[in-house]
Amino acid sequence: MNRLLLMTAASLAALAPATAMAQTALTFAYWGDPAELPPFEEIVSTYEAAHPDVDITVQHAPWSGYFTRLDTQLAAGAGPDVFFITNVPSYAARGQLEPLDQWIADSGFPIDLYNQEALKSHSLEGALYSIPRDNDTNALYYNVDAFEEAGVAPPDGNWDWDDLREAANALTQREGSRIARYGLALEANDWPIWVRQNGGEVFDDSFAPTQYRLDQPKAVEAIQFIGDMINEDRVMPSFQESQQSGGTSQLFLSQQAAMVIANAARLGTFADAPFEWAVAPLQTGRDGTRVNRLGGAGFAMNANAQNKEAAWQFLSFLAGEEGQAIFASASASAVPAMIGSETVREAFSAPFADVFLAESENGYPLPQFANYVDITNLYIQPALDLVWSGEATAEEALAGIAGDVNARLGQ
Amino acid sequence: MAGRGSLARRDAVAAWLFLAPSLVLFITFTGLPVVAAFLISFTQWDLFNPAKFVGLGNYMTLARDGIFGKVMGNTAYFVLASVPAQMVLGLACALALNRGIRGQTFFRVAYFLPVVTSTIAAALVWAWLFNSNFGLINALLSAFGITDPPRWLGSTTWALPAVIVVSVWQNVGYAMVLFLAGLQNIPKDLYDAGAIDGAQGWRRFYYITLPMLSPTTFFVLIISIIGSFQVFELVFVMTNAGPANATNTLVFYIYQNGFQFYQMGYASAAAMVLFLIVLIATLVQYRLQTRWVHYG
């Protein structure tokens with residue numbers, strides 16, 4: 001009896017490493033709404049088909065829960081081998097990401113085909129830690145039916161702040177003290193673009209800041225402008241209200257907002273909308289300045305990955321021409337980051353692709369450095385909350401945190 | 001040989017054996033982490049790189065941290081508002097249900113349901129109700145002619161009260177069930193004797209029910225104070241501590257520092273402050289109980 005048990009155990013033990021060795025196991029984590037998932041799935045199955053020895057386990061979570069999980073895994077020294085990531089410098093500063101420069105040099109990965117400015121937000125102190133998937137270029141989505149019904153001329157591509165505000169006003173439907181339809185809805189993290197469109201800046205340098213600049217007049221004016229659309233005109237929901245209502249895409253789909261400013265992923269989300277919509281270039285600043293977002297989320301390798309060689313192989317496929325082309329051609333699209341590649345540019349054939357490509361030329365890198373998350377959560381966001389809720393003017397709120405923010409920058 | 005001593009020892013061994021499973025779990029998952037957190041609170045540690053000893057540095061920073069001050073204020077506000085509300089409403093429900101009204105079971109279930117409902121799901125639905133423009137609550141208010149209803153979760157004044165309302169709604173049922181059990185343990189003879197002496201209504205409640213119920217009241221008080229100090233999920237889902245930290249509470253701030261900013265030392269120091277507050281509050285309660293708690 002005992003011998004039988006022993007033998008079974010021994011044969012099982014002999015089997016286990018054999019199966020494990022035949023397969024290289026990789027874990028790949030990413031976030032996304034259901035509409036955004038197909039390209040990820042396609043890339044994984046394409047890669048597995050080409051590399052039968054590689055078995056990729058996928059970890060998917062919606063945006064809201066993704067980072068809680070990833071952070072916990074990374075803190076435990078574990079986590080996926082390759083993952084979709086943002087706030088790269090914060091993770092890099094904690095030593096959680098594998099520096100990629102050597103891998104790129106050794107394998108001859110065509111990093112030159114990427115927008116070099118965009119790579120900066122994926123770097124820390126000169127070393128590259130992730131390769132961007134896309135350029136998070138925004139555009140103005142508008143409900144064509146609502147425009148016709150309100151008798152507003154559609155955006156001609158040259159709208160400035162005041163044109164946008166005026167249209168938002170005309171499109172807003174009021175029922176007593178309540179708003180049945182807002183003219184406009186914005187994403188909560190979009191305000192730095194407005195600051196830049198007005199010639200202001202958040203810090204003196206987006207990647208290695210020494211000075212807080214959000215309290216300067218140009219920046220203050222931009223923040224106040226957004227605040228006024230929320231509280232004075234009431235043509236836009238506060239960010240907190242918008243989030244409670246399911247976010248900008250939900251507001252747009254349910255026709256509770258006639259215009260939203262969002263990225264190319266919404267092309268897929270809005271595909272089945274029960275009304276006609278179109279996409280226009282972003283509003284310009286009052287002096288015609290065109291500014292859009294630069295850089296997007298990227299793919300990184302875990303500093304603790306078990307098999308870095310295999311992880312890099314997969315990562316370079318993901319971020320290479322083939323992977324980029326799959327993302328670019330997906331219906332829930334993304335403006336490709338590998339903009340220097342003709343194959344990739346051609347694959348990006350979504351409706352209104354030309355609008356997004358033209359807008360991607362105006363990219364401005366958003367602040368991105370190691371303790372940006374702390375500074376935002378502790379100081380900037382609370383100050384902005386007060387403006388969005390109409391409880392303080394931009395001038396008071398933004399000046400009030402200057403000392404604290406500068407002290408943190410100096411640390 | 002098999003004397004008294006060895007019997008007692010065998011009993012002790014049996015007792016320890018029975019206690020062992022929960023003791024092991026307690027030491028592994030509560031005891032050791034508490035000791036570890038205490039030690040970590042004297043270091044600067046980001047989870048990834050080696051910890052650096054900083055002595056009382058974290059505690060000094062806490063003392064000067066303006067946001068921590070605000071967080072303490074919010075937590076005090078939360079505890080002082082939600083504990084009495086929970087207790088008074090819980091007792092009122094229990095008294096009403098103890099009279100044997102019709103549909104008792106239905107009401108018991110209805111009031112207890114929030115206790116067993118997933119906090120996350122309930123918080124999401126409440127956030128919808130509180131939506132300043134599309135929400136049901138403001139729709140009702142404007143139906144009653146209030147033209148400028150509060151922005152609830154978007155207002156630094158109203159966000160915390162809104163979270164308190166949800167917390168009370170969620171915990172009243174628990175207090176009610178405990179009070180109900182307490183009420184049913186009061187011997188009928190006391191009321192009969194009281195009736196002979198002419199005690200009616202309010203006096204009956206004040207001189208018989210309240211004192212007889214005091215052990216339950218004491219228990220509910222301790223449990224709800226500790227629970228209120230630890231509020232987290234509601235804040236996490238409904239407001240994410242906003243707007244402008246108006247709903248940031250102690251446990252949320254600990255979470256923020258630990259798992260968003262990776263300052264484990266600082267987070268542990270704040271956790272030690274919470275531990276100390278709850279400990280002192282509980283000790284004070286135990287001291288004071290001799291004056292008002294009557295064990296039949």
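The model is predicted: local features need pLDDT of at least 70, side-chain atom pairs count only at pLDDT 80 or more, and totals for chains, interfaces and linings use all residues. Residues are numbered from 1 along each chain as written, chains are lettered from A and ligands numbered from 1 in written order, and side-chain values use heavy atoms, with hydrogens and water left out.

Chain A and chain B bury about 2,800 Å² between them.

**Interface between chains A and B**

- Contact means heavy atoms within 4.5 Å. By that cut-off, 33 residues of chain A touch 33 residues of chain B.
- The size of an interface is often given as the accessible area lost when the parts come together. Here buried area is the accessible area (1.4 Å probe) that two parts lose on being put together, summed over both.
- Of the roughly 2,800 Å² (about 2,800 Å²) buried, 49% is on carbon and sulfur atoms. On the chain A side, R94(A), R178(A) and Q244(A) lose the most area to chain B, together 24% of what that side buries.

**Salt bridges in chain A**

- Side chains of opposite charge can pair when their charged atoms come close. The criterion for a salt bridge is a side-chain nitrogen of Lys or Arg within 4 Å of a carboxyl oxygen of Asp or Glu.
- E98(A) pairs with K308(A), with the closest N and O atoms 2.8 Å apart. E98(A) sits in the loop between α4 (88-93) and α5 (101-107) and K308(A) in helix α14 (residues 308-318), so the pair ties together parts of chain A that are 210 residues apart in sequence.
- E98(A) is buried, with a relative accessible area of 13%. K308(A) is partly exposed, at 24%. Buried means under 20% relative accessible area, exposed over 50%, and partly exposed in between (1.4 Å probe, protein chains only).
- K120(A) pairs with E117(A), with the closest N and O atoms 2.9 Å apart. Both lie in helix α6 (residues 116-120) of chain A, three residues apart, about one turn of the helix. K120(A) is partly exposed at 40%, and E117(A) is partly exposed at 35%.
- E221(A) pairs with R286(A), with the closest N and O atoms 3.2 Å apart. This pair links distant parts of the chain: E221(A) is in helix α10 (residues 217-231), R286(A) is in the loop between β12 (277-280) and β13 (292-294), and they are 65 residues apart. E221(A) is partly exposed at 36%, as is R286(A) at 38%.
- D136(A), D190(A) and R293(A) are linked in a network of salt bridges.

- An unreviewed UniProt entry annotates "transmembrane region" at residues 12-40, 76-97, 109-129, 158-183, 204-229 and 264-284 of chain B.
- Residues 204-229 of chain B are 100% helix and 0% strand, with end C-alpha atoms 34 Å apart. Residues 264-284 of chain B are also 100% helix and 0% strand, with end C-alpha atoms 30 Å apart. Helices (H or I, at least four residues) and strands (E, at least two) are DSSP runs, numbered from the N terminus.
- A nonpolar surface patch includes F275(B), L283(B) and W292(B); the whole patch has about 710 Å² of accessible area.
- L283(B) is found in helix α12 (residues 264-292) of chain B. L283(B) counts as exposed, at 53% relative accessibility.

Key. Patches are made of residues with over 30% relative accessible area and no salt bridge: like charges are joined within 9 Å, nonpolar side chains (Val, Leu, Ile, Met, Phe, Trp, Tyr) within 5 Å. Accessible areas come from the Shrake-Rupley method with a 1.4 Å probe; for residues, only the protein chains shown count as cover. UniProt positions are given in the numbering used here, feature names are shortened, and annotations may be inferred rather than shown by experiment.
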